[in-house]
Amino acid sequence: MAPGGDVVDTRRYPLDDPGSPAWRAVVDRARAELRAEGCTVLRDVVAPEHRDRLRAEGDAIAGHAHADVAEVTVYNTDPDPSLPDDHPARVVLQRRNAFVARDHIPADHLVAHLYAHPGLQRLIAACFEVPAVHPLADPYAGLTLNVVAPGHDHPWHFDTNEFAVSLLTRAAERGGAFEYCPGIRAAGDENHAGVRAVLDGDRRSVRRLELRPGDLQLFRGRHALHRVTPVEGATSRHAAILAYSERPGVVGSPTRTRQLFGRVAPEHLAAATVRGDTLQD
């Protein structure tokens, strides 16, 4: 199988024909939606005949997921009792992330082919309006599988990265919807009152996105509060996270890596030394 090419529905997404009318239509729509809402979905990127395999491959590795349970805030920080009572960082949330690290995802899995495909990288960069995107050099992050077990969720939070790319590989029987509040904060305006209102149950700014297996989601989560609602039923929700950066060679910090995967590699320690990270980075 050519890396990624046979996985994608190339009639709708001609990865190897940038600038063609079909390619241009995808990019133009994605750019418009990302500018307006900070989110777009490339529906049915994975061709229908591959979706059973996509799900089965996720099922085969899901048992490798490392689960980290922590009390956090929407800012992925520890709750701060010194803040005013109505500050959103006073609200304690249970973060129950479970991630399969990159080194547990076989190179012949469909998501691995997709992650490495230069045509998909070119399309993603065009949609986000950046010159290029690069796979992470991180041996654990980069390509991961997020597993949300029945009864669990991913609570309201902001991202620290500029953009995120994810591919749903298994939908929950019920629940597991992606919800977000586009542009609820901005550079220089944290809008603490608006964020706290959402945490207290105000739904006026909340958008709900129902994803299907095979859908590729492009998202700007730094300024958009977002979550995955509780998963219901007997099966987990699986989503492959395809992490790219605008610069090559990116490796995560040891502290964040240990939170996500329960371990670190020599590459994390070496990169931290070069950057001058502390153990709290």
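This is a short talk about a predicted model, in questions and answers.

Visitor: Why is H50 called buried?
Guide: The cut-off for buried is under 20% relative accessible area. H50 has 15% relative accessibility, so H50 counts as buried.

Visitor: Where is H50, and what is H50 in contact with?
Guide: H50 lies in the loop between β1 (39-42) and α2 (51-61). Leaving aside neighbours within four places in sequence, H50 is in contact with D6, V7 and L110.

Visitor: Why is H134 called partly exposed?
Guide: Buried means under 20%, exposed means over 50%, and partly exposed is in between. H134 has a relative accessible area of 25%, so H134 is partly exposed.

Visitor: Which residues is H134 in contact with?
Guide: H134 is found in strand β4 (residues 134-135). Neighbours within four places in sequence aside, H134 is in contact with A243, Y244, S245, E246, R247 and P248.

Visitor: What puts the buried residues of α5 on the same side?
Guide: In helix α5 (residues 192-199), V195, R196, V198 and L199 are buried. They cover an arc of only 155 degrees around the axis, which puts them on the same side of α5. An α-helix has 3.6 residues a turn, so residues three or four places apart point the same way.

Visitor: What covers the buried residues of α5?
Guide: The cover includes β6 (154-157), β9 (178-181) and β12 (225-228). After α5 comes G201, with a positive phi near 110 degrees.

Visitor: Which residues touch the most other members of the largest nonpolar core?
Guide: This core has 52 residues, and L123, L167, L242 and Y244 touch the most other members. Helix α4 (residues 118-128) gives the largest share, seven residues. A second, separate core has 14 residues, including V91, W156, I184 and L225.

Visitor: What does L242 touch?
Guide: Not counting residues up to four places away in sequence, L242 touches Y115, L120, G142, L143, V165 and L167.

How values were computed:
Residues numbered from 1 in each chain as written. Predicted model: local features only at pLDDT ≥ 70, side-chain atom pairs only at ≥ 80, totals over all residues. Heavy atoms only, no water. Buried < 20%, exposed > 50% of the residue type's maximum accessible area, 1.4 Å probe, protein only. Helix = DSSP H or I, 4+ residues; strand = E, 2+ residues; numbered from the N terminus. Arc of directions from axis to C-beta. Contact = heavy atoms within 4.5 Å. Core = buried A, V, L, I, M, F, W, Y, C linked by side-chain atoms within 4.5 Å.
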